[in-house]
Every structure is written in C-alpha cells, then in structure tokens.
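The following note sets out several points on the model under review.

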Amino acid sequence: MSSASTSQPLSKSCQNIVPKTNYIEEKEDGEAYRKIDAEICREMLPNLPKEKGWITEHLVQYKGVWLNPTYALKAAVQLQHHFNLFQTTGSPTSAARGSSPICFLATIPKSGTTWLRALMFATLNRSLYDPASPHHPLLTTGPHDCFPFLEMDNMLANHDHSRPVSSLDHDHDDRDSGDGMINNYVPPTSTTQLFATHLPYSLLPKSVTTSSSAYCLSKFVYVCRNPKDAFISLWKFGNKVKPVNTALAPLSIEEAFELFCRGVYPYGPYWDHVLGFWKASLEMPEKVLFLKYEDLRKEPSANVKRLAEFLGQPFSEEEESKGVVQQIIKLCSFENLSSLEVNKTSRTQQYFVKANIVFENSDFFRKGQVGDWKNFFTDDMAKRMDRIIDERFSGSGLTFANL
C-alpha cells in the first residue's frame, strides 16, 4: 500500500492525456468526452497510486491529489478540457466570453459546504426569493439541489457539448430536455452563475483561476474548517454512507486518522487543499474570498455581509434596517435546515443519484458544531495532528484556533 509521501510520480503519458487538439474539433457531439473517459480507464487508472477510501472503496492519486476514481478523477481531467475548449475556440456564448460572472464555492469535504451553498443561494437570489417567505425554495429543496456540483462526470457527459458547463444553470428553456443535471435545479435570478467544487486550486483549469483568462469574471468563495473537526465530520459521514454504497465496513477512527496524517483524504492532502486557496486569496483578494467556518459560526452577520459584498450584491441600508441579513442567517441556519422535511426524509441530490451514489439529505446534517473533535480524539491524536498542522502551515500566516 502506497503512502501520500512515497507514492510514485505519474508517468508523462498519464499526466498529459488531456487536452488533445483533435478533441476540440469534436465538441458538438461529445465524442471528446467519451474518448477522454476511455483513456482514463485504459491508460490512467492502472498506473495511479491507490489507497483505501473513506466513502468509496478506493482513492487514487492524480497529480498529488487523492480522488474518487468514479467521478472526481474523470471530472478533474474533463474540466481542463471543457473550460479550456471554450476559451480556445472563441465560443460566442456569453459565459465563454467572460461577460457572465461565475462564482465557485470551493471546499474540502466536510468543511461547511452545505451551509455555504444555502447562504450563497439565498444571498444572491434575495431579490426574487424573499428569505422570510414561507415559500422560499430552500424550505422545500435541499441545498445540494440549488446549484450544480462540478465533479459529477454525468454533468459533463449528458449535456450539449457545444455549450460550456458554465452556462447550464441559466438554460431554463431546456429544463425538461434531459440536458444533464440541470433539469430540476432551482431557477436562479442573479446574473452570477453558481457552482460548487471540492477540487483543489491546483487542479482547476487555468482559464478560470487566472485574471487574464476568458473567465476573468470568475470568483471563488473558499471555506476552511479546523482540521480536527473536518476529520471527525468526514469520518462520521463515511461511517454512514460507505456501507450503503460499497457493502464494505467503514473505517475505524484509527485507520481514518492514519490516512489523514499521511495526506490520504478525499481531494487532499488537507493542508495542500487549504493552502492552495489561502495563497490565492492573498495574491488575488478580489478573486478569492477565504472564510473560516469557525468565524462564520461566531460572527455570522459580519461574514454574510462580507460574502454579499464579495459577490457584488452588498446589502443596502434599507435591507439591513429591515433585518434581511438576519433573515438569511436564520433561513440557512443548521437548526432550521436540518429540521426541514426535505432534509430529513428526501434523497434529492440528483447528481449523486446519476452517479449511482446513495446519500440521504439527512447525511449532510450531523451537528455543525465547533470543537466536536474533543469528544473523539485522544491526547496523543491531538498532539500528533497539532504537530502536523504546525509543520505544514508554518510560515503561511494561516492559523487555527484550538477550539
């Protein structure tokens, strides 16, 4: 079994599979994506380092990142091709020209993704969906069904490849046409297009991370969580869903902890993922907003205002005086969302269903607390993780409170 530190580097042929220029010419019928899929399975997977998975049977290491081979690996490769394709070919679509703002919610798993999905959707679309309304979409729709998740390869495989993924969530005329996963997403009202991703900064297409690209209006909201709480949350999540999806026993806390300390974590190593976006936020603060889960819990009002300002829709004085900020916070609170019928009994994350992965909405709501790790860690575990975090984040300027 290979470790994160001793895994062999990929061969050049594996690293440079995509894009190939002849794929661009085949964009309209999606043949490019089928060829990419075939090459991944034939040339990549047999050569990639493999480790035991937290949620699925295995994780594989691609360019230093541990990914689910079923969808995350394929998406990481296909997205490079997809976004670069529409920059290279000069597509006439507004998204490809960069005239339509795109905002990505980026997180490593179990760092507050569900909460931020709700906050971003409610904040950006508050002009039509009154957060105090008893008919707000979040009251009947799980946060994971409000806007797309980039990693699901079905999203790339099922839609019309003559248009970029980034335009899908505004194609309301096609909502019943079987056009990928967008059919049942809540219609957005903001001109900003929302997507969620767990991919690290290093695997995102340069066409969306550089300020000089065709996607120069793209932004990233990144949420970081204390690594101890993130670890426990993922371990607990895996305990619930891995037996259902793989018929395999979940990881013991000792197994999971050892994997984490070696960097084997979905979309990890954890420290590489966090530092990638942290450094980008320092270099391009107008493009990357770096938030801490603990700060959001402690001062939700101030941070929701920061979020709205960053997204280009600051709250007006009138909105603040009417309590709109507090209404959004209450609507999107853990207590409210976890108590809703849709999040207690439904299974509506369509992209997971299409990828043959079974998650109940309730699986995304456990405690949402800060410091829950103290109920599970031994003193030795806490000391070991502290040493690793101190070493990995030394000199970065990023610190974690020992909450």
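1. The model is predicted.

2. The buried residues of H19 are Met381, Ala382, Met385, Ile388, Ile389 and Phe393. These residues lie on the same side of H19, because they cover an arc of only 130° around the axis. As a general point, an α-helix has 3.6 residues a turn, so residues three or four places apart point the same way.

3. The length of H19 (residues 379-393) is consistent with its residue count: at 1.5 Å a residue, its 15 residues should span 21 Å, and the end C-alpha atoms are 21 Å apart. Gly395 follows H19 and has a positive phi, near 80°.

4. The largest nonpolar core contains 108 residues, of which Trp54, Leu67, Leu116 and Phe231 touch the most other members. Helix H6 (residues 113-124) gives the most to this core, contributing eight residues.

5. Leaving aside residues up to four places away in sequence, Leu116 touches Leu105, Val223, Leu291, Leu296 and Leu307.

6. Three strands form an open sheet in the order E1-E2-E3, and their pairing is antiparallel. Strands E1 (50-52) and E3 (65-67) are the edges, each pairing on one side only. Neighbouring strands of the sheet are turned by 35° against each other on average, direction ignored.

7. Strand E2 (residues 58-62) pairs with E3 in the antiparallel sense over three bridges. Trp66 in E3 is the bridge partner of Gln61.

Key: Residues numbered from 1 in each chain as written. Predicted model: local features only at pLDDT ≥ 70, side-chain atom pairs only at ≥ 80, totals over all residues. Heavy atoms only, no water. Core = buried A, V, L, I, M, F, W, Y, C linked by side-chain atoms within 4.5 Å. Buried < 20%, exposed > 50% of the residue type's maximum accessible area, 1.4 Å probe, protein only. Helix = DSSP H or I, 4+ residues; strand = E, 2+ residues; numbered from the N terminus. Contact = heavy atoms within 4.5 Å. Expected span 1.5 Å × (residues − 1). Arc of directions from axis to C-beta. Pairing = 2+ DSSP bridges. Axes fitted to C-alpha atoms, helices over the stretch in contact; angles between N-to-C directions.
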